[in-house]
Amino acid sequence: MIWAVLAAGVLTAIPAGLRWLRVAQREHYLPGAVATFAGRWWISRPLNVVLLAIMVVGLVGSWWDVRWAFLVPVAQVGPSGLSIRGRTSKLAWTWRLRRVAVVAGLLLAAVLGAGIATGTGFFIVLGLFLLPALIDIALLVLGPIERVLGNRWVDQASARLASSGAKVVAITGSYGKTTTKQYATHLLAASFRTVASPASFNNRMGLARAINEHLVPGTEVFVAEMGTYGPGEIEDLTRWIRPDVAAMVAIGPVHLERFRTLERIVAAKSEILDRAGIGVIAVDHPLLAGLAADRAGTMDLITVSGDGADARVTVRDGLIRIDDVEVGKVPADIFPVNLAVALGIGLAIGLEPADMMSRLDGLPRPQHRQTVSHSDRGFSVIDDTFNSNPAGAIVALGLLSRIGDGGRKVVVTPGMVELGPDQFDQNLAFAAESAALADDLLIVGRTNRRALMEGSSKGGASVTVVTSREEAVDWVRQNLGPGDAVLYENDLPDHYP
C-alpha cells in the first residue's frame, strides 16, 4: 500500500510542482512568495477550500491509516484556476528555474524517503502538502549561489560602465520610475549620447544585462532605473553603478506588503543617494520633504515638485518654474511630478532650461500608463494597466470623467496589490470613487473582490464580476459604443487568484 501512495504522490507532485515553480518565477524567486500565494489560492474559491479540506483530512488521517493518504494526491488537481503553463505569465525553463526545480525535487525526495524508511504514508503526503514551502526553501538555499553565479555578469557590466566614462543617472521611487526614466532620457538625448535601461530592468541582474547588451562605445549618459524589495539592495547596486545623479520620484504604499511601513520604504530607497554626487528629490510627500531637509547639509540637492510644494523646480497649474522663474508650459497629458524630476535631472547633468523646454513637445508617452485610444466600435479606451497605485488610479478616474461624449462610463479593474495592511482599504476607497463616477464597474478575479464589492456599494454603478481580463474585454465590446468610455485600471498576471 505504501508504494501505491508513493506512486500517486510522485505522479501528482509533477504538475503541482510546475504550478508553484511558475509562481516562484513570476515573483522574482523571492523566498516565501510561493507559500504566500499558495495560501491565497487554496482559500480563493469554494472548490479550492473543499480541496484544501480534503488534503488536510487525508494528511491527518494518514498518521493512523495509510489509506487516508490517497486523499492528498487527489486534492492536487487544485488549486482550481492556477494553470501549469499560464496564460499571461507562462513558465519559462531558464537555467535558474531548473536549479530551483532540482533542489526542490531533492528536498521532496528526502521527505518521501522518510516515508519509505518509516513505512508510513504520512511523510509521503506531507511532502505534497508542503510542496510550496519546499520550493521556498530551495529559493532560500540557492540565493547565495545565484549571487555568486551572477558575479561574472556584474563584474563584466561594472568594467564596461567604468571604461565607457558615461555619467550615471539613477532613478528610484515607489512608482513613476519608468515614466521619469523615459522623460529624462528624452531630455538628455538632445545634448548627450544617452542609453537607458530597457523596460523594467531594475534589479542586479537586469541592470547587468542592460549594461552588457546596450551600453555602446561613446555613451555619455547611462540612465538606470533601480528597484528594491528590501533594505540593502539599492546600496548594493550603487557599489558598482555609482550615480553621478540620483533621483527619488515618489513614495506610496506600493510594496508595503514587503516593507510594512512607508518609513522603511523611504529608508531603503534613499540608499540611492549615499554615493551620488547630486540628488534630485520630489518633495511633495512629507517623508521625502524630510529626507531632503536631512540630506541638504551633506550633498548637493535639487528639490522638485509636481503637486504644489515649495521647490527649485515646480510643475503645476500648467506652468514650469525653475528658481521661481517661469520657463515653459506643460504639454498635455504629461505627469507633472515625473516631468519635474526629469527637469531636475537635466539641471544636475548641466542642461540649460531653454534646451529642455525645446524638447517638451516630443516627450514620450509610456505604454499602459493612462494612454487613450479609440476602439473600432467608437468608444474611448484608457489603458492604465501597468502597476497601478492609489495616487495614479485616482488620476485615471479624473481622466475618465473628462473623456467621452456624455455616454456610458465603465471601470474595469482587479484592484491593486502589494499594498500590505492598506490593501483592503485602498481598494475599497478606489471602488467607492469608481462607483460614484462610472455607470458600470467590472471587478476582475478574486484577489480584491471583497474590498471592491464593499466599496462599490457606496456608489450608484452597476457591478459585474468576471473571472478574467478577456471576459471583461468581451463585455466591454458587447456593451459600449460611440460616445462611451472605459478605464482599464491595472491588470494582474494570472498567477494571482
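Let me start with a cluster: Trp63, Phe122 and Phe123 are linked to one another by ring pairs. Before the details, a word on the source. This is a predicted model, in which local features need pLDDT of at least 70 and side-chain atom pairs count only at pLDDT 80 or more, while totals for chains, interfaces and linings use all residues. Residues are numbered from 1 along each chain as its sequence is written, and side-chain values use heavy atoms, with hydrogens and water left out.

Now the rings. The structure holds 3 aromatic pairs. Rings of Phe, Tyr and Trp (for Trp, its six-membered ring) pair if their centres lie within 6.5 Å; planes under 30 degrees apart count as stacked, over 60 as edge-to-face, and the rest as tilted. Trp63 and Phe122 are edge-to-face, because their planes stand at 85 degrees, with the ring centres 4.9 Å apart. This pair links distant parts of the chain, 59 residues apart: Trp63 is in the loop between α3 (46-61) and α4 (71-75), and Phe122 is in helix α6 (residues 121-129). Helices here are DSSP runs of H or I with at least four residues, strands are runs of E with at least two, and both are numbered from the N terminus.

Phe122 also pairs with Phe123, again edge-to-face, at 5.4 Å centre to centre and 80 degrees between the planes.

Which of these residues are buried or exposed? Buried means under 20% relative accessible area, exposed means over 50%, and partly exposed is in between, using a 1.4 Å probe and protein chains only. Trp63 has 51% relative accessibility, so it counts as exposed. Phe122, at 16%, counts as buried. Phe123 has a relative accessible area of 26% and is partly exposed.

Two charged side chains also sit over rings. The test is that NZ of Lys or CZ of Arg is within 6 Å of the ring centre and within 35 degrees of the ring normal. Arg40 lies over the face of Phe37, 4.8 Å from the ring centre. Arg469 has its charged end over the ring of Tyr488, 4.5 Å from the centre of that ring.

Back to α6, the helix that holds Phe122. How many of its residues are buried? The count is 7 of the 9, so α6 is largely enclosed by the rest of the structure. The buried ones are Gly121, Phe122, Ile124, Val125, Leu126, Gly127 and Leu128. Their cover includes α1 (2-26), α3, α4, α5 (95-118) and α7.

Next, how the helices pack. Two packed helices are described by the angle between their axes and the distance between the axes. Axes are lines fitted to C-alpha atoms, for helices over the stretch in contact, and angles run from 0 to 180 degrees between N-to-C directions. Angles under 35 degrees count as roughly parallel, over 145 as roughly antiparallel, 65 to 115 as roughly perpendicular, and the rest as oblique.

The axes of α1 and α6 come within 10 Å and cross at roughly 5 degrees. The two are therefore roughly parallel. Contact, meaning heavy atoms within 4.5 Å, is made by Ile2, Val5, Leu6, Gly9, Thr12 and Ala13 of α1 with Gly121, Ile124, Val125 and Leu128 of α6.

α1 also packs on α7, at an angle of about 50 degrees and with the axes 10 Å apart. That pair is therefore oblique. The crossing is right-handed; the term applies if the near helix is turned clockwise from the far one by less than a right angle, and left-handed if anticlockwise. On the α1 side the contact residues include Ala13, Trp20 and Leu21, and on the α7 side they include Leu131 and Ile135.

Helix α7 (residues 131-164) meets α9 (residues 204-214) as well, with axes that come within 9 Å and cross at roughly 40 degrees. These two are therefore oblique, and their crossing is left-handed. Among the residues that meet are Trp153 and Leu161 in α7, and Met205 and Ile211 in α9.

Last, α10. Its buried residues are Ile234, Asp236, Leu237, Thr238 and Trp240, and they pack against α7, β1 (167-172), α9 and α12. Thr238 is in this helix, residues 233-240, and counts as buried at 0% relative accessibility. Beyond its neighbours within four places in sequence, Thr238 touches Met226, Pro243, Glu271, Ile272 and Arg275.
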